[in-house]
Amino acid sequence: MRVHRLRFDIWLCLAISVLLAMGAAKIVNSMVPEAYENYVEDHTVADGEIGGIADETVFRAQNVEDLLTHDTFTVISPGIEYMNRGAGYFGSYYFYSLTLPSGERVAALYNMDSVQNENGEDSDIYSGDKILPVGKVVYEDLTASASFLEQIEHAEPLSRTDFYVDMRGEGGKMSQENYAEAPVALVQILTVVISFPLLHMLGSKLGIFPRFFSFKKREEKKWE
């Protein structure tokens, strides 16, 4: 079994590149708070809008017929029932199985920031009723994804698969940590990819490192 070991010059350039990537990550992280504030502002939904807080004027839907006959509505759900009966990804969004007061089930998107405790903010999240965000019906063929149905229907089947309830709207904010994760990782990768060959090229030109590739000129055959 042959063991391949990287040359010292490669290890050194990688180490320096990683240090540079860590520095770049710190710079990006220092810029995150201001960018995150703008992100939060763009993803904060006003009360009464789709995905926003539902006040006492918003219709309380009891069954599928109520959903289909009202432009907007909310649903009262006990405890964490609204997010504890099955869920799954459809496209790029994570849907939950929402049990209506009638017992019927539909797929729903939530803006968790707008879920209210009916008995006040200090009540136990596992008990009492929850007032879900303002929602609307969006027609979509959910049977297009068999894996989605398998996940969300693990407890009981949905009553309707030709629409879902959008209670997310333009909301659904990520945490600051998750928001920063992708750009920081991208900057780190790009820093290593760009700095490594540049560092090695510089070292080669200065004569500190050997070249990656060396081409030997073929000696011309001398014909006698």
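Student: What does buried mean here, and are F95 and F148 buried or exposed?

Tutor: Buried means under 20% relative accessible area, exposed over 50%, and partly exposed in between (1.4 Å probe, protein chains only). This is a predicted model: local features need pLDDT of at least 70, side-chain atom pairs count only at pLDDT 80 or more, and totals for chains, interfaces and linings use all residues. Residues are numbered from 1 along each chain as its sequence is written, and side-chain values use heavy atoms, with hydrogens and water left out. F95 and F148 are both buried.

Student: How many aromatic pairs does the structure hold?

Tutor: Rings of Phe, Tyr and Trp (its six-membered ring) pair if their centres lie within 6.5 Å. Planes under 30 degrees apart count as stacked, over 60 as edge-to-face, and the rest as tilted. The structure's count of aromatic pairs is 9.

Student: How many residues apart in sequence are the parts that F95 and F148 tie together?

Tutor: The two rings sit 5.7 Å centre to centre, edge-to-face, with 70 degrees between the planes. Helices (H or I, at least four residues) and strands (E, at least two) are DSSP runs, numbered from the N terminus. F95 lies in strand 3 (residues 93-99) and F148 in helix 3 (residues 146-152), so the pair ties together parts that are 53 residues apart in sequence.

Student: Which strand holds Y110, the partner of Y96?

Tutor: Y96 and Y110 are stacked, 5.3 Å centre to centre and 25 degrees between the planes. Y96 is buried at 13% relative accessible area, and Y110 is buried at 6%. Y96 belongs to strand 3, whereas Y110 belongs to strand 4 (residues 105-110).
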